[in-house]
Amino acid sequence: MQRLLAFIEHNFHFILFIILQIICGFLIFGLNPYQQAVFSHSAASVTARSNQFSTDLTSYIDLKEQNILLQSQISEQFKNAPNNSFRFLQDTIDVKDSSSRPLFEAIPAQVIYNTTYKANNVFVINKGTDNGIRKNMGVVSSEGVAGIVLRSNAKYSVAMSLLNTDMKIIPNINDQEFFTELVWDNSNPHTMKIMGINKLEKIKEGDLVYTGRSSLLFPPGIPIGSIAKLIPKPNSQYFDTYITTATQFRKLAYVYVIINRDESLITPLMPDNE
Amino acid sequence: MSRLLYWISIFALQVLLFNHLDLTAFLVPQIFIILLITLPLHTKKIYQVLIAFGLGLLADLFVSTPGIHTSACLFLVMLRMTILNTQDLKEEIANRLNYTARNVGVLPFSYTVLILVFFYHLYIFWIGSIGAINTYNLLVTTLMSSVFSLTVIAILQFMSLSHSRE
């Protein structure tokens, strides 16, 4: 305290100088018409900038909430998308009307753990059986296919990422299903490989790869990636096809778990289950 | 009494003559700042600030520029204190002398005056044209006015030196 008082006493002339300069500021910008106009103009521009800054800051703070809101909106739109609905004839004799109901539902979730550097990568999401999530459900990001649920507890689920050497998925290119598997060869977190596409097939680099109708986990038409390289194998009738994944796995933060509502009814009918 | 007369005459010169030169828009000399530059060396810093504030207000009163000269005078005394701290003036302070060429020597005095006069003019013309500053005009006005003021101050100091020799 004594030091503070000594400091003030020693620098009192400077404190007085500052106070008097402030008074001068009021005099200059309050009583001189030209300086007053300049000040008003500058003050207006400063106010506009500070308002803009405040708006940007508020928007930024609100981003997480907005993301969650957007996720729920996307999930709702997903449910109502025509691709995900089956049309049932109400009456086989008197065909008057048809109604559609969604086969797939999407549950928004956040990724809380994710790996991309292992041979068998997984990610953990913050939704579990309490939200209706169970083993073998598809997971997509806003960009495309992300993985398949491996196991769940009440609150969390672990999903096998596309970047997993155990992951196999049937690709659909140019509306044509290729009954060969799309696999990850553990070389690059953005690239997957399709073996055994015949050189006679009409595909080219840049073609998009989607999910088809050969899986009950994903609705058809969900992007998997695009053809990056098409390498004709020497002395073979096949291409080595490299795909760039649609999902950016290193940035994976928000996903949707796909629930096939009739999976329990459809699966027992499959030949494999006989 | 003679000091008060000196102050009044310098200020009267400023108000009645130099404020109305009207030779060119680039020439607006401020001679009266010599009063602040030559303040007695033993004057307490707080009084220097108050004197600068009062003198600035008075100067503003005659040219209808509220606050501009006051603010510039305050800057001038603070700058003066900083410069004087770098000069060895213990003896002069002990003898309660004014800061003049005769008392502190022509060289240190010229150095101080040169800086203070230039920055004073620069400051007032900068504040005066704030928001639409034309660097060329600002520098020309500052230089012309500073050179003119320095010449007058030099004459005043020369007269003072001659007077002391007599």
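**Entry 1: chain A as a whole**

I began with chain A of this predicted model, and I noted that, among its contacts with a separation of 6 or more, 55% are accounted for by residues 24 or more positions apart. I then looked up the secondary structure of chain A and found five helices and 15 strands. For burial, I noted that chain A has 274 residues and that 28% of them are buried.

**Entry 2: where chain B meets chain A**

I turned next to the contacts between the chains, where 15 residues of chain B touch 13 residues of chain A. On the chain B side, the elements that give two or more residues are α3 and α4 of chain B, and α4(B) gives the most, with five residues. When I sorted the residues on this side of chain B by kind, I wrote down nine nonpolar, five polar and one charged.

**Entry 3: the helix α3(B)**

I followed the chain past α3(B) and came to S64(B), whose phi is positive, near 55°. S64(B) is not a glycine, and I made a note of the angle because most residues other than glycine have a negative phi. The residue sits in the loop that runs between α3 (45-63) and α4 (68-85) of chain B.

Is S64(B) buried or exposed? I recorded S64(B) as exposed, because 9 other C-beta atoms lie within 10 Å, and a residue with 12 or fewer counts as exposed.

**Entry 4: a positive phi in chain A**

I found a positive phi of about 50° at N174(A) too, although N174(A) is not a glycine. Where in chain A does N174(A) lie? I placed N174(A) in the loop between the strands β8 (171-173) and β9 (176-177) of chain A. I noted N174(A) as partly exposed, because it has 13 C-beta neighbours inside 10 Å, and partly exposed residues fall between the limit of 12 or fewer for exposed and that of 20 or more for buried.

Definitions and conventions: Residues are numbered from 1 along each chain as its sequence is written. Chains are lettered from A and ligands numbered from 1 in the order in which they are written. This is a predicted model: local features need pLDDT of at least 70, side-chain atom pairs count only at pLDDT 80 or more; totals for chains, interfaces and linings use all residues. Helices (H or I, at least four residues) and strands (E, at least two) are DSSP runs, numbered from the N terminus. Two residues are in contact if their C-beta atoms, placed from the backbone, lie within 7 Å. Ala, Val, Leu, Ile, Met, Phe, Trp, Tyr, Cys and Pro count as nonpolar, Asp, Glu, Lys and Arg as charged, and the others, Gly among them, as polar.
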